[in-house]
Amino acid sequence: MRMRARDMQPVAPAPWITPKPLRDCTVAIVSTAGLHRRTDRPFNVGAIDYRLIPGDADFGDLVVSHISTNFDRSAYQEDPNIWFPLDRLREMAADGEIGGVSGWHYSFMGAQPNHEALSKAGEEVGRLLASGEVDVALMVPV
Amino acid sequence: MLQNAVEPTIEDYPIEAPVESGSREWSCPVSFAVTEDESISGRLLAEINLMAPWSAETRAARGRTLFGVTGAGPNQVEQVAKALGEIADDGNVNDLPAGDISWQFEMPLLIRHLVDDLRTFYHEAVAAQPGDNTPNHKALNDWIFSSTALGDGIQAIARHLTLAGDGASLMTRGLLVPEGYLAGGGSAFPTPAEIEKNTKA
């Protein structure tokens with residue numbers, strides 16, 4: 001994986017957009033923990049697609065098909081907010097720190113050897129975030 | 001930070017992350033009697049039955065479980081253990097295990113997730129220990145690979161996958177055993193010689 005990472009193309013910075021105040025922003029989570037609903041198709045090795053997780057998801061309805069055996073799942077088992085901080089966002093929205101929580105969140109498989117292969121899915125999620133009037137994407141790499 | 005930034009910015013978060021809550025110490029070390037002539041299946045089912053009340057306690061306290069990525073229902077732990085035990089004992093890494101579970105993966109990749117589901121169950125059981133000394137990731141790996149039928153089953157299946165020798169089996173072996181825990185040492189991922197052999201085949 002490290003050898004493949006060495007060959008990856010650097011990602012150029014995107015044009016800067018001054019954001020709205022956080023208290024006016026709708027926030028969505030984009031995770032690479034391989035999370036999905038129990039009823040969804042699980043991720044396979046090297047999957048470059050994504051799954052949608054509804055904003056009213058119950059953690060009991062989510063499972064993880066991330067392929068790596070080397071990262072610690074015990075913390076997530078204890079508190080799913082470690083990888084998918086939905087409760088924290090709901091609290092921040094209730095306290096007025098953010099404007100709201102998106103109706104949909106997005107999950108990818110981590111441990112990706114080829115970032116370029118994710119371009120299509122990434123752009124698609126970008127369009128979905130925009131159409132959902134999401135202002136801030138909280139990226140949670142796992 | 002977002003309120004003030006005028007360009008891409010990376011800043012340290014001003015609040016220190018909490019010290020790791022887990023520990024290498026156990027409040028109540030868990031060990032199982034091993035009988036040399038007993039199958040992995042038999043030992044695995046015995047461990048599952050012993051730990052079931054603890055796992056149930058954790059599930060009740062949390063109100064959820066992460067168990068079930070294989071397609072098994074939350075209460076089908078025994079079936080998952082039976083499936084993994086039979087693969088370890090019989091060495092069949094090609095055919096889906098029998099039973100009424102609608103498996104969500106093909107073989108041999110399913111093995112990877114059978115292990116994950118069982119690890120979830122074991123972790124849940126350990127989490128029911130009294131006190132604050134929850135074992136950390138390293139301590140859990142040490143325990144599973146030195147003291148449990150699950151660890152012995154994983155090592156047995158790793159050997160079966162090596163014998164199978166095809167690319168999918170060798171990659172599954174790499175995804176099965178954490179770095180540093182393969183019996184005999186080294187990484188479980190395919191060696192350069194194994195990759196070359198498969199490339200030529």
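Student: Over the ring of which residue does the charged end of Arg51(A) sit?
Tutor: This is a predicted model, and the answer rests on its computed atom positions. A charge counts as sitting over a ring only if CZ of Arg is within 6 Å of the ring centre and within 35 degrees of the ring normal. The charged end of Arg51(A) lies 4.3 Å from the centre of such a ring, that of Phe43(A).

Student: How many aromatic pairs are there over all chains, and why is the pair of Phe121(B) and Tyr122(B) edge-to-face?
Tutor: Over all chains, the count of aromatic pairs comes to six. For Phe121(B) and Tyr122(B), the ring centres are 6.1 Å apart, and planes over 60 degrees apart count as edge-to-face. The planes of these two rings stand at 75 degrees, so the pair is edge-to-face.

Student: Is Tyr122(B) buried or exposed, and what is its relative accessible area?
Tutor: Buried means under 20% relative accessible area. Phe121(B) is buried at 3%, and Tyr122(B) is also buried, with a relative accessible area of 0%.

Student: Which residue of chain A forms a salt bridge with Asp116(B)?
Tutor: Across the interface of chain B and chain A, one salt bridge is found. Its closest N and O atoms are 3.0 Å apart, and the partner of Asp116(B) is Arg73(A).

Student: Which helix gives the largest share of the side of chain B that touches chain A?
Tutor: Helices H3 (109-127), H4 (137-147) and H6 (167-176) of chain B each supply at least two residues of that side. The largest share, six residues, comes from H3(B).

Note on methods:
Residues numbered from 1 in each chain as written. Chains lettered and ligands numbered in written order. Predicted model: local features only at pLDDT ≥ 70, side-chain atom pairs only at ≥ 80, totals over all residues. Heavy atoms only, no water. Phe/Tyr/Trp six-rings, centres within 6.5 Å; stacked < 30°, edge-to-face > 60°. Buried < 20%, exposed > 50% of the residue type's maximum accessible area, 1.4 Å probe, protein only. Salt bridge = Lys/Arg side-chain N within 4 Å of Asp/Glu carboxyl O. Helix = DSSP H or I, 4+ residues; strand = E, 2+ residues; numbered from the N terminus.
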